Amino acid sequence: PLPIAAAVSPPVVQSRSNGRAESQEHDLARRNQHEIDIEKQDPKGLKKGLKGNPGPGSSGSKGGAEAIVKGICRHLRIYYGIHISTRQMGLIIAGFGSIWGGSVMVPLHFAGEKAQGLGFVFSFAMGATTVNCLVWMIFILDALRRHECDCGAAFASLPQLHVSKLFIPGSISGILWSIGNMASMISVTYLGEGVGYSMTQSAMLVSGLWGIFLFKEITNP
């Protein structure tokens with residue numbers, strides 16, 4: 001009897017394990033379907049994610065960059081079946097930003113003598129405008145694909161501009177950033193990429209102090 005019981009017991013354990021795995025897959029599929037239903041009812045994502053409403057196992061979000069990262073994770077999970085944590089996505093975005101942000105002044109070294117310093121501003125502005133237009137085109141094409149070429153639903157799912165609320169603060173931010181960007185061009189022209197642009201990255205220290213002491217973005221040690 002003992003050998004028979006020993007031979008029979010492993011399939012029972014395996015069956016229970018399979019049952020738990022199937023149950024987890026069923027719960028995951030049900031949660032994904034629930035999120036898809038919410039997305040259909042609220043395509044702009046205002047009820048979850050962008051407002052920072054806490055979800056299962058989440059401590060919530062206060063908006064800003066955290067809400068953007070969580071929104072990207074949710075978008076990838078719902079539409080592409082890619083499951084990635086908020087921390088992992090934050091690290092990916094940080095790496096992406098460091099590579100591209102650290103290379104933003106490299107083309108200045110290949111510009112002619114007349115395009116050095118402030119002369120590079122117009123070229124930089126044209127490049128930034130072109131890239132922004134391409135990004136919006138990608139957003140629109142992706143929205144049309146997700147909504148099966150329904151233009152009304154696709155455009156409704158795009159981020160709102162909120163011009164009436166963001167015109168003044170957005171303009172002030174743009175002016176401050178433009179002044180800092182022009183100053184970085186001058187510093188790179190006369191100090192070089194390694195010293196000049198590296199010194200301008202002390203802006204992270206300033207922005208970090210704004211976030212910590214004024215906006216209270218870090219509440220837990």
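Of the 221 residues of the protein chain, 18% are buried (under 20% relative accessible area; exposed is over 50%, partly exposed in between; 1.4 Å probe, protein chains only). This is a predicted model, in which local features need pLDDT of at least 70 and side-chain atom pairs count only at pLDDT 80 or more, while totals for chains, interfaces and linings use all residues. Residues are numbered from 1 along each chain as its sequence is written, and side-chain values use heavy atoms, with hydrogens and water left out.

**View 1. The protein chain has eight helices and zero strands.** Helices (H or I, at least four residues) and strands (E, at least two) are DSSP runs, numbered from the N terminus. In that direction the order of elements is α-α-α-α-α-α-α-α. Among contacts (heavy atoms within 4.5 Å) with a separation of 6 or more, 47% join residues 24 or more positions apart. The chain exposes about 16200 Å², with 68% supplied by carbon and sulfur atoms (Shrake-Rupley method, 1.4 Å probe; for residues, only the protein chains shown count as cover).

**View 2. Histidine 75 sits in helix H2, residues 64-80.** Histidine 75 is partly exposed, at 24% relative accessible area. Leaving aside residues up to four places away in sequence, histidine 75 touches Tyr80, Asp142 and Arg146.

**View 3. The structure holds zero disulfides.** A disulfide is counted where a pair of cysteine sulfur atoms lies within 2.5 Å. For cysteine 149, which is in no disulfide, the nearest cysteine sulfur belongs to cysteine 151, 7.4 Å away. Cysteine 149 is exposed, at 62% relative accessibility, whereas cysteine 73 is buried, with a relative accessible area of 4%.
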